[in-house]
Amino acid sequence: MAQSDNKKFFENLTGAGKSIAVLTSGGDAQGMNAAVRAVVRMGIYVGAKVYFIHEGYQGMVDGGDNIKEAKWESVSSMLQVGGTVIGSARCKEFRTHEGRLKAAHNLVQRGITNLCVIGGDGSLTGANLFREEWSGLLAELVQQGLIDEEAAQKYSALHIVGMVGSIDNDFCGTDMTIGTDSALHRIIEVVDAIMTTAQSHQRTFVLEVMGRHCGYLALVSALACGADWVLIPEMPPEDGWEEKMCQKLSAKRAGMKRLNIIIVAEGAIDRNNQPITSDHVKDLVVQCLGFDTRVTILGHVQRGGTPSAFDRILASRMGVEAVLALLETTANTPACVVSLCGNQSVRLPLMECVQMTQEVQKAMDEKKFEEAVQLRGRSFENNLKTYKLLAHRKPESELPQSNFNVAVLNVGAPAAGMNAAVRSAVRVGISEGHKMFAVSDGFEGFYKGQIKEIKWADVGGWTGQGGSLLGTKRTLPAKHIDKIAEQIRIYNINALLVIGGFEAYLGIMELLAARGTYEELCMPMVMVPATVSNNVPGSDLSIGADTALNAITDTCDRIKQSASGTKRRVFIIETMGGYCGYLASVGGLAAGADAAYIYEEPFDIRDLQSNVEHLTEKMKTSIQRGLILRNENSNENYTTDFIYQLYSEEGRGVFDCRKNVLGHMQQGGAPSPFDRNFGTKISAKAMQWITKKLNECYKQGRVFANTDDSACLLGMRRRALIFQPVVQLKDKTDFVHRIPKEQWWLKLRPLMKILAKYKTSYDVSDSGQLEHVAVNRPNESEATAAI
């Protein structure tokens, strides 16, 4: 990576002479091990000594073998392991002054003055108190003769950086905490499994999920599976909810639905702060409706299992950011927490986040529920609004009468999450008073007239379905514009929502170019990106990419495990993506790859040779398995077969090789919770934009829109969901290779190389600014909130 004047690189920061300790505290969460691995490897990389503190604060107080120096190899093969391998324990002793004095003594003995704490708000509050007392504790240790004055001066300041590990996502200031996405995976796996048995027997299932003080898991899983009712602590149901719920369940059954799903957070309460239990909900349904009803309490299943791709990437990014924060800290820097806002790493003052989190509970205790929802943040508030919009249909008499017809279609290759996006568009459109039309088989179906009205009930149960239920094709509209215009005239289509990949982007451009000839095309059009390749300009993320990443990560885990206990082995894995290296690069980061070959970063035979030599050195020491990812179009000459043969020949006597082409398994399967929710929320926002544009463009009894901003792409950019006119994206597109000219994830590639022990440059221009916590940042949208 070339260095430039306006970029900042971490080579200017050094950890030489510094000691960093990492601990996990409180409840465990999937992804904690990925964070520990990143802290250890980044710490060693910058020249610092890194220590494990086993068993959390208990290990810090007890000292001895609980505090051990970590080596590079100490964190091998821990990326895919759930829980925390260095242990976590509740520690009453650390809450006492005497306990913290012992902990300070143990740290000073080893010269540790930098702490990376991975845990919830209780663990982070404890760390901050420890930091505030540090100078006083050292003075006591000097007084007691346990350390000398020189040591007290040398280690006079303790620096703290926190990472939030909590499956509940109950910490204010961050969109996602480590472990939340994996917990949602566990919940959705169970819900998808339960739905089949519930349908067979026409049963109602009441599912209780974790969340004693936070309803995030319940709310988002309800959004992801299309649950009929959800009960959360932040927004208790209105009085008389029991009757309303039973009426809704009864209406669903009358509408030929064979099952009902109710999700209850374990901390659910009513308006009088009295608990609502899953058994109480079951008894209500049985007594009022007589439905065959079962209760399933998920319990600690939600904490278990391997971390999702999202959690591994999040934890790896946070771990590296935490080390950078510790290197840059001074005696006056407040303790900070590294977190995620939209698609960016940010640093926030730890105690500001803790105080905001405590304010949520205070608001709930005082029955200020609207305030509690706002304090949870824009992401939570948007989830709640979207759920209410999609789950509860208003009576026909209450719907606005717009007299507009809106068509929705899928274009390009199938992507998991497309169906969730269509469901959301249809239901939001109906709620806005529009008549919704579904177009089968993309633009091909459009010109053939495969168009029919689609109703609220028609999209029931679509969120968990993979592929495209509408049907999707890669056909572009240019050759059939006249027939498409004719169909628009026949069905009186007033607006268009296109959900798809690069073909959808090209299709919208072709429709736009034909506006001068066909007046029918002068209507609002919006595109929502949905492709596993994540190669659409104007958006950092696409629907379907997260599901594909999880497929790659899971497969790589299994492939690596297949070599467990055998001789040293290197696996060459080919991923999809066309010319876009997103899946190979980010999948490589999530799976712990040694290298990822992509088109965007040209490589030659010298690079391949260097990689083989690097891997050979690692194999000779302790690493047993190597993983190389290659994007399918990364280089026309250095094919997967070529790389496989090169590694096999050059590694002879040290390791053997296997190759695997993942193919279309990356496109299949049920959508991940992230893709279900991203699809649901981005599509809802697109429909609301269409309503606004239709009202603006309706003049003299008809819709007429021919300005650039009437044909937009809705994409996630850094921290926000933004509408961008497609004409403005032309200059940002490499049409030959079907990729954006600038891609944010390229900044993550050095991170993968560092964690694989390569020397490289890492651009940290976006790091280093300590921000402040804000309630519902006004210029930001739900971005990662996707989830």
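I started with two helices: α14 (418-431) and α22 (673-697) pack at an angle of about 35 degrees, with their axes 7 Å apart. Axes here are lines fitted to C-alpha atoms, for helices over the stretch in contact, and angles run from 0 to 180 degrees between N-to-C directions. I worked on a predicted model, where local features need pLDDT of at least 70, side-chain atom pairs count only at pLDDT 80 or more, and totals for chains, interfaces and linings use all residues. Residues are numbered from 1 along each chain as its sequence is written, and side-chain values use heavy atoms, with hydrogens and water left out. Helices (H or I, at least four residues) and strands (E, at least two) are DSSP runs, numbered from the N terminus.

I listed the contact (heavy atoms within 4.5 Å). A420, A421, S424, A425, V428 and G429 of α14 meet R676, G679, T680, S683, A684, M687 and Q688 of α22.

Next I checked α13. I found 10 of its 14 residues buried, so the helix is largely enclosed by the rest of the structure. Buried means under 20% relative accessible area, exposed over 50%, partly exposed in between (1.4 Å probe, protein chains only). Among the buried residues are F380, E381, Y387 and L390. Their cover includes α7, β7, α8 and α12, as well as α14 and α22.

Last, I looked up E520. It sits in the loop between α17 (502-513) and β17 (525-529). E520 is partly exposed, at a relative accessible area of 22%. Leaving aside neighbours within four places in sequence, I found E520 in contact with A485, I488 and R489. The C-alpha atoms of E520 and N128 are separated by 63 Å.
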